[in-house]
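Please open the model in your viewer and keep the selection panel at hand. The tour below moves from one selection to the next and says what is to be found at each stop.

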Protein chains: 2
Amino acid sequence: MELRTLRYFVAVAEELHFGRAAARLRMTQPPLSRAIKQLETELGCVLLLRSPTGVALTPAGALLHEEACALLAQADRVRAHVTELAGPVTLTVGTLADSAEQFGTRLAAAYREHHPAARILIRESDLTDPTAGLRSGLVDVALTRAPFDDTGITTRTLRLERVGVVLRTDDPLAHRESLRLADLAERRWFRFPDGTDPVWQAYWTGSVEDGRRRDRLVVRTARECLQSVLWNGTVGLMPLGHALPEGLTVVPLTDMPPSRFVIAWRADGTTPLIRSFVRIAETVQRTADPTRVG
Amino acid sequence: MELRTLRYFVAVAEELHFGRAAARLRMTQPPLSRAIKQLETELGCVLLLRSPTGVALTPAGALLHEEACALLAQADRVRAHVTELAGPVTLTVGTLADSAEQFGTRLAAAYREHHPAARILIRESDLTDPTAGLRSGLVDVALTRAPFDDTGITTRTLRLERVGVVLRTDDPLAHRESLRLADLAERRWFRFPDGTDPVWQAYWTGSVEDGRRRDRLVVRTARECLQSVLWNGTVGLMPLGHALPEGLTVVPLTDMPPSRFVIAWRADGTTPLIRSFVRIAETVQRTADPTRVG
DNA sequence: ACGGCCGATACCGCCTCGGTATCATCACCG
DNA sequence: CGGTGATGATACCGAGGCGGTATCGGCCGT
């Protein structure tokens, strides 16, 4: 008699209909029927009277409904008390520029549900620090984009993001279905400030640096990068599927390895709170769009 | 946060030692450690301070210990109340002669643990009814021995029992390691009364009836069968591993298909109480001797 | 009589759970 | 100060449970 099973039973007892109860539980009807049957087997008595018109509670079922509600409520209180006593913890989350956007809001909402007492501080980082403050110790956990030098850092891939090149809409190449890096060999390429993570630098300058023009143009933020495309006609790379300002178009690159949207934390600083955040992040990503999970 | 996990945590919190807690829970240490870690992840806080000397509770852990105990106790009460309200039910169990013996006592004990209010009535049947009263409606569930005609009856095999031949200790064949049915072709064979289940009859007269002497000698009980061996020198078959009276020996038969010790109930009369009994029986058999499970 | 709704069943793939083997760390002790 | 034992953590594996899809059976309504 686990709490999960009791939650199932309460749903059926209140809906008096397996299909609706299953929908409320975000599952399908067959496993729900089976779970209730197992519960009846375990308790050794009939809880529900099934009929084609609907479901009725037996006396034992009605009693269990009441008791189960109380038990579940108490379980919720227990969890709340324990997490509360653990102290009002603050979790500092670093995000890489606009990477998080609507994913971040969904994640924050889910996290607050699990830890009502927790505070989340957001620290948005520019493109010069792919760890989004992790390595410098400014944040506990980072929502960012790989690849970067991850020594001492644990990363879990949330989804893969194909990368495209940003062009002015009036660019001759702007309306192609796709492009290859070689098509951009003669363009002006940006670079990051000196001291930027070399793996990161290499990736965003086309994975293989040689034979491509190293421009003096330095960008620090996504906005700078896009503006540089508009004003200077430089090459801009970015993951697909993000909003673009007027006058710009993004064309998929076929020979650019996809970027991984990851959640990362210091390998030596794994706390339950961080693990919890990571777990919730993975769940949120999975429920959001299972097809894109890497 | 399931009740199972809380039971684990309570064990560790009370033993303050993962190994001892695991032993108390009848499991090994690694999955216990993992479960606790997952619990900490879910709650987002540290519950236990590990050290090579032992384990200490954090304040949150101490609180959870208290609350979890209360929650588990309430869950037990809920189960008790619900099963109690379902009424003092009586389950009639049929057993085939002495088949059940110590298995039956263990099963009854386990069943009373789950259903303190239930009453168990035992009805011991002789060898003339392999369904032990199931088909005649005298019992709800039967602990018996297959094979028999099981149309309309559901059976679950609990274990396989090799069959041997019972001989007087002074019989020339009594000290052989094993025998084949052919070695007994010239012996006198018993039979069951007319009207006995034909599958059952065929099995205990050597699976293939032809070429073997059909004696007029009719046995109804295991005792009669054994006495008949002692007094008349007939052939007696029985599963190995049971106690024998003085002066008799059992020799394994190599070409006799093993008999299945089964639990059986009417296919059209499946109630939660019966399912519960079956489930417990399977668990008891498994924990008793996993190697012999069929 | 027949179509539709509802719960039950069969079957499948994945993930969790518990088990075995092994490692890392630290206390204790010679 | 290094060996040794104890303790918890980790890696990996196989089985079972759980949720999914597809389908069945049965009663109700028109």
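How much area do chain A and chain B bury between them, and what percentage of it is on carbon and sulfur atoms? Chain A and chain B bury about 3,300 Å² between them, with 70% of it on carbon and sulfur atoms, where buried area is the accessible area (1.4 Å probe) that two parts lose on being put together, summed over both.

Before selecting anything, note that this is a predicted model, in which local features need pLDDT of at least 70 and side-chain atom pairs count only at pLDDT 80 or more, while totals for chains, interfaces and linings use all residues. Residues are numbered from 1 along each chain as its sequence is written, chains are lettered from A and ligands numbered from 1 in the order in which they are written, and side-chain values use heavy atoms, with hydrogens and water left out.

**The interface**

Select the residues of each chain that are in contact with the other (heavy atoms within 4.5 Å): there are 36 residues from chain A and 36 residues from chain B. Two salt bridges are counted between the chains, a salt bridge being a side-chain nitrogen of Lys or Arg within 4 Å of a carboxyl oxygen of Asp or Glu.

Helix 1 (3-15), helix 3 (29-43), helix 4 (59-85) and helix 8 (272-288) of chain A each give two or more residues to the side that touches chain B, and helix 4 of chain A gives the most, with 15 residues. By class, this side of chain A has 19 nonpolar, seven polar and 10 charged residues; here Ala, Val, Leu, Ile, Met, Phe, Trp, Tyr, Cys and Pro count as nonpolar, Asp, Glu, Lys and Arg as charged, and the others, Gly among them, as polar.

**Helix against helix**

Now show helix 4 of chain A together with helix 4 (residues 59-85) of chain B, whose axes come within 10 Å and cross at roughly 180 degrees. Axes are lines fitted to C-alpha atoms, for helices over the stretch in contact, and angles run from 0 to 180 degrees between N-to-C directions. The two helices are therefore roughly antiparallel to each other (angles over 145 degrees). Their contact divides into 20 nonpolar, four polar and two charged residues.

Staying in chain A, select helix 1 and helix 3, which pack at an angle of about 110 degrees with their axes 10 Å apart. That makes helix 1 of chain A roughly perpendicular to helix 3 of chain A (65 to 115 degrees). Thr5(A), Tyr8(A), Phe9(A) and Val12(A) of helix 1 meet Leu32(A), Ala35(A), Ile36(A) and Leu39(A) of helix 3.

Show Glu282(A) and Arg156(A), whose side chains meet in a salt bridge (2.9 Å, N to O). Glu282(A) lies in helix 8 and Arg156(A) in strand 6 (residues 153-161) of chain A, so the pair ties together parts that are 126 residues apart in sequence.

The peptide bond from Ala146(A) to Pro147(A) is cis, with omega near 5 degrees, and in chain B the bond from Ala146(B) to Pro147(B) is cis, with omega near 10 degrees.

Methods:
Helices (H or I, at least four residues) and strands (E, at least two) are DSSP runs, numbered from the N terminus. Angles under 35 degrees count as roughly parallel, over 145 as roughly antiparallel, 65 to 115 as roughly perpendicular and the rest as oblique.
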